[in-house]
Amino acid sequence: MTKRLLTSIALLLGSLCANATVQFMTVEQKSGAKYSFLLTENPVVTYKGGELVVNGSASTSYALDGVKNYHFTETDQTGVVTTGADMLRITTDENTVHVENAPAGAKVALVNAGGATVAVATADQNGTATISLPTAKGVYVLTVGMQSFKLIRK
């Protein structure tokens, strides 16, 4: 499986060189959900324990299971019609999680793996919210309105 993945990545990187307009890597899940990652952010793609792992930076990582395929495209294939300025953006540092472009008044919550709520905030009229990260290592779920994201504190 690893050899197949590496071959696919090599072929796809070759197609990137041939077509400079490719801007996104889109992952399609068996459930039909699609996730697009902007290539200018230089995501690192690996395969671990049955999951496709996309690392966007030192502080963001997405582990996707049930992946049907992934490919490179010129446009965002998630089916969400937005401009870059309107997309939900989540950034982290050592102490906080900062959310931008959330719906005004959206609840932002951080829950630990045991189900206990660690922090809660409400997005302001500009769609921003900041919550403090716990110091304990572990897996957390960040919920912004109706969307959820897995955070791992190492």
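This is a predicted model: local features need pLDDT of at least 70, side-chain atom pairs count only at pLDDT 80 or more; totals for chains, interfaces and linings use all residues.
**A walk through the strands and cores**

L110 touches A116, T117, V118, A119, I131, S132, L133, P134, Y140, V141, L142 and L151, leaving aside residues up to four places away in sequence.

L110 belongs to the largest nonpolar core, which has 17 residues. Together with V97, V99, V108, I131, L142 and V144, L110 is among the members that touch the most other members. Strands β8, β9 (107-112), β10, β11 and β12 (138-144) each supply at least two residues of this core. The largest share, three residues, comes from β12. In soluble globular proteins, nonpolar side chains tend to be buried together.

The next topic is how the strands are arranged. Four of them form an open sheet in the order β10-β9-β12-β13, with antiparallel pairing. β10 and β13 (147-153) stand at the edges and have a single partner strand each, so one side of each lacks a neighbour in the sheet. From one strand to the next, the twist averages 15 degrees. Within this sheet, β9 and β10 are joined by five bridges in the antiparallel sense, and A109 stands opposite V120 in β10. Strands of a sheet pair through backbone hydrogen bonds, either parallel or antiparallel.

Strand β8 (residues 96-100) has pairings of its own. Strand β7 (residues 89-92) runs antiparallel to β8 and is joined to it by four bridges. The two form a hairpin, with three residues between them, and T91 stands opposite H98 in β8. β8 also runs antiparallel to strand β11 (residues 129-132), again through four bridges. There, T96 has S132 in β11 as its bridge partner.

Which residues of β8 lie on its covered face, and which on its uncovered one? V97 and V99 are on the covered face, while T96, H98 and E100 are on the uncovered face. In a regular strand the side chains alternate between the two faces of the sheet. The covered residues V97 and V99 are also among the core members with the most contacts to other members.

The mean pLDDT of the protein is 76, and 73% of its residues reach 70 or more. Confidence is highest in strand β10 (residues 117-122), at a mean of 95, and lowest in helix α1 (residues 2-18), at 54. Over residues 80-84 the pLDDT is below 50, and this stretch has one contact in the model beyond near neighbours in sequence.

Conventions: Residues are numbered from 1 along each chain as its sequence is written. Side-chain values use heavy atoms; hydrogens and water are left out. Buried means under 20% relative accessible area, exposed over 50%, partly exposed in between (1.4 Å probe, protein chains only). Two strands pair if DSSP finds at least two bridges between them. pLDDT is the predictor's confidence in each residue, from 0 to 100. Contact means heavy atoms within 4.5 Å. A nonpolar core is a set of buried Ala, Val, Leu, Ile, Met, Phe, Trp, Tyr and Cys residues joined through side-chain atoms within 4.5 Å. Axes are lines fitted to C-alpha atoms, for helices over the stretch in contact, and angles run from 0 to 180 degrees between N-to-C directions.
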